[in-house]
Amino acid sequence: MTLHGCGETHQGRVRPHNEDAFLVDLEHGVFAVADGMGGHAAGEVASGLAVETLSEILGRPRGGDEDAPELLRSAVEEASRRITSRSDEHPEFRSMGTTIVVVLVDGPRLSLAHVGDSRAYLVRSGTIRRLTSDHSFVYELVRLGMLSPEQAARDPRRNVVTRALGSGAPVAPDIWQGDLEPRDRLLLCSDGLTTMLTDEQILAVLDAAPEALEKACTSLIEAANSAGGEDNVTVVLLGYDEAAPP
Ligand code: CA
């Protein structure tokens, strides 16, 4: 089996900067999307630091007996500490932070950590499944039964995240593990995609380009921009397929 992957980011049609960042490291099976926040370009400093730290800690050969959830947890915590200390040193970066969704792939084994409202989706046999639950204010209200998912998608407070890297507090990422199957697609994305497109629209775009991952990444970004492009949009797309014949 072979893992393929690609990533793409776009600032969208409204925002003056792109504060998202992503990581595609096929050699070490490390993939991430980070969505930074904070005024005066601080968001891109936070998301950049997060991705750089994860790349440094996770982008190396791993022994088969390493505890992937623990490795992910400690890498995410370290990224958060570095963002906090950078904002403590530089007043212009005060209160910057970032979301993170990061996966380690080892053979078919997939281990995922996430904080904030960037998401991971698994596309398998024509269905799309969300692997992450947003750490966001409106999602907390959905969990409490105070908003429907449809109301949450339109709520003006939908950008407010309840957990982020760089807050100074321990971040406690959610962890998910599972096994990839042949022809699976794994999508990591920032909320610039998911506030513009429904899960069904995302699936329709991916179904239209089942083989070409790069084309699918570009199509997702184009679809988000066609729908308004109200935020920076970032996608990382992985494919797990039988090896191409020699
Ligand atoms: Ca965003």
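Arg183 lies in the loop between strand 9 and strand 10, where helices (H or I, at least four residues) and strands (E, at least two) are DSSP runs numbered from the N terminus. Arg183 has a positive phi of about 75° although it is not a glycine. With a relative accessibility of 56%, Arg183 counts as exposed; buried means under 20% relative accessible area, exposed over 50%, and partly exposed in between, with a 1.4 Å probe and protein chains only. Most residues other than glycine have a negative phi.

The model is predicted, and local features need pLDDT of at least 70, side-chain atom pairs count only at pLDDT 80 or more, and totals for chains, interfaces and linings use all residues. Residues are numbered from 1 along each chain as its sequence is written, and side-chain values use heavy atoms, with hydrogens and water left out.

Ser95 is found in the loop between helix 2 (68-89) and strand 4 (97-98), and its relative accessibility of 61% makes it exposed.

Leu122 has Leu186 in strand 10 as its bridge partner. Strands of a sheet pair through backbone hydrogen bonds, either parallel or antiparallel.

His4 counts as partly exposed, at 34% relative accessibility. Not counting residues up to four places away in sequence, His4 touches Leu26, Leu213, Leu237, Leu238, Gly239 and Asp241, contact meaning heavy atoms within 4.5 Å.

Axes are lines fitted to C-alpha atoms, for helices over the stretch in contact, and angles run from 0 to 180 degrees between N-to-C directions. The axes of helix 6 (residues 199-208) and helix 7 (residues 213-226) come within 9 Å and cross at roughly 145°. The contact is made by Ile202, Val205 and Leu206 of helix 6 together with Ala216, Ser219, Leu220 and Ala223 of helix 7.

Residues of helix 5 (residues 191-194) include Thr194. Thr194 is buried, with a relative accessible area of 14%. Leaving aside neighbours within four places in sequence, Thr194 is in contact with Arg119, Tyr121, Cys189 and Ile202.

The cysteines can be considered next. A search of the whole structure finds zero disulfides, a disulfide being a pair of cysteine sulfur atoms within 2.5 Å. The sulfur of Cys6 is 3.1 Å from its closest cysteine sulfur, in Cys217, which is too far for a bond. Cys6 is buried at 8% relative accessibility. For Cys189, the closest cysteine sulfur is also in Cys217, at 11 Å, too far for a bond. Cys189 is buried, with a relative accessible area of 0%.

Other strands pair as well. Strand 5 (residues 100-106) and strand 6 run antiparallel and are joined by seven bridges, with Ala113 of strand 6 as the bridge partner of Val102. Their hairpin has two residues between the strands, and Gly107 takes a positive phi near 60° there. Six bridges join strand 6 to strand 9 (residues 174-179), again antiparallel, and the partner of Arg109 in strand 9 is Asp179. Six of the seven residues of strand 6 (residues 109-115) are buried, so this strand is largely enclosed by the rest of the structure.

A further hairpin is formed by strand 2 and strand 3, with four residues between them, and Gly29 in the turn has a positive phi of about 65°. Strand 2 (residues 20-25) and strand 3 (residues 30-37) run antiparallel, joined by six bridges. Phe22 is partnered there by Val33 of strand 3.

Key
Two strands pair if DSSP finds at least two bridges between them.
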